[in-house]
Amino acid sequence: MNNPLVQPDPGLFIWTILTFLVLAWLLKRFAWGPMLQALENREKVIASAVENAEKARRDLEKVQEESARLLAEARREGSDLINRARADADRVREDLREKATAEVAAMTRNAEKEIQRETARASEQIRREAVDLSIAIASKLIQRNLSATDNEQLIQDTIRQVETSRN
């Protein structure tokens with residue numbers, strides 16, 4: 001069994017090693033070098049992307065914190081605004097109530113004064129009519145008994161008595 005493929009041949013052995021070394025050098029120079037360079041570039045791109053993603057995450061956290069702070073501030077300002085509006089509404093309501101009370105009191109005073117004036121006017125008119133009626137009755141009764149001078153004196157006395165009773 002003498003098979004030439006199974007038997008070691010030193011020339012083939014040297015050529016195989018030499019071919020392997022040349023092929024390894026060619027691969028290193030033209031394939032692995034650019035491949036390793038591409039891998040390094042890819043690694044740098046990935047590292048940069050990771051760094052950018054981390055920076056974006058930090059920025060997002062800052063924005064979220066700022067948003068939360070602004071939202072809390074807006075809520076606080078809204079609450080303050082509502083409280084001020086309620087206070088203003090209460091103040092306006094109280095002012096309106098006071099004005100209405102003052103107007104009612106003024107109207108009541110005016111009405112009372114008007115009633116007093118009308119009452120005084122009516123009383124004065126009643127007194128005049130009573131005096132006129134009394135004079136008319138008295139003059140008819142006395143006309144037969146008194147002279148014109150006595151009649152005039154009686155009228156003047158009656159008018160003085162009425163004026164005195166008024167005061």
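Accessible areas here come from the Shrake-Rupley method with a 1.4 Å probe, and for residues only the protein chains shown count as cover. On that basis the protein exposes about 15,000 Å², with carbon and sulfur atoms supplying 60% of it.

This is a predicted model: local features need pLDDT of at least 70, side-chain atom pairs count only at pLDDT 80 or more, and totals for chains, interfaces and linings use all residues. Residues are numbered from 1 along each chain as its sequence is written, and side-chain values use heavy atoms, with hydrogens and water left out.

**Whole chain**

Start with a cartoon view. The secondary structure comes to 2 helices and 0 strands. Helices (H or I, at least four residues) and strands (E, at least two) are DSSP runs, numbered from the N terminus. Select residues 10-142 for helix α1.

Now colour by accessibility. Buried means under 20% relative accessible area, exposed means over 50%, and partly exposed lies in between (1.4 Å probe, protein chains only). Of the 167 residues, 2% count as buried.

**The nonpolar patch**

Select Trp15, Leu18, Val22, Trp25, Leu26 and Phe30. They make a nonpolar surface patch of about 670 Å². Patches are made of residues with over 30% relative accessible area and no salt bridge; like charges are joined within 9 Å, nonpolar side chains (Val, Leu, Ile, Met, Phe, Trp, Tyr) within 5 Å. Trp25, one of the patch residues, lies in helix α1.

Arg29 lies over the face of Phe30, at 5.8 Å from the ring centre. A charge sits over a ring if NZ of Lys or CZ of Arg is within 6 Å of the ring centre and within 35 degrees of the ring normal.

How many aromatic pairs does a search of the whole structure find? It finds 0. Rings of Phe, Tyr and Trp (its six-membered ring) pair if their centres lie within 6.5 Å; planes under 30 degrees apart count as stacked, over 60 as edge-to-face and the rest as tilted.

**Salt bridges along the helix**

Switch to charged side chains. A salt bridge is a side-chain nitrogen of Lys or Arg within 4 Å of a carboxyl oxygen of Asp or Glu. By this rule the count comes to 14.

Select Arg58 and Glu54. They form a salt bridge, the closest N and O atoms being 4.0 Å apart. Both lie in helix α1, 4 residues apart, about one turn of the helix. Arg58 is partly exposed at 40% relative accessibility, and Glu54 is partly exposed at 30%.

Move to Arg91 and Asp88. Their side chains meet in a salt bridge (2.1 Å, N to O). About one helical turn separates Arg91 and Asp88, because they are 3 residues apart in helix α1. Arg91 counts as partly exposed at 49% relative accessibility; Asp88 does too, at 35%.

Go on to Arg117 and Glu114. Arg117 forms a salt bridge with Glu114, with the closest N and O atoms 2.6 Å apart. A polar contact of 2.6 Å also joins these side chains. A polar contact is a pair of N or O atoms within 3.5 Å; within protein, one must be able to donate a hydrogen and the other to accept it, and residues adjacent in sequence count only if both atoms are side-chain atoms. Arg117 and Glu114 are 3 residues apart in helix α1, so about one helical turn separates them. Arg117 is partly exposed, with a relative accessible area of 45%. Glu114 is partly exposed at 33%.

For the last stop, select Glu54, Arg57, Arg58 and Glu61. Salt bridges that share partners join these residues into one network.
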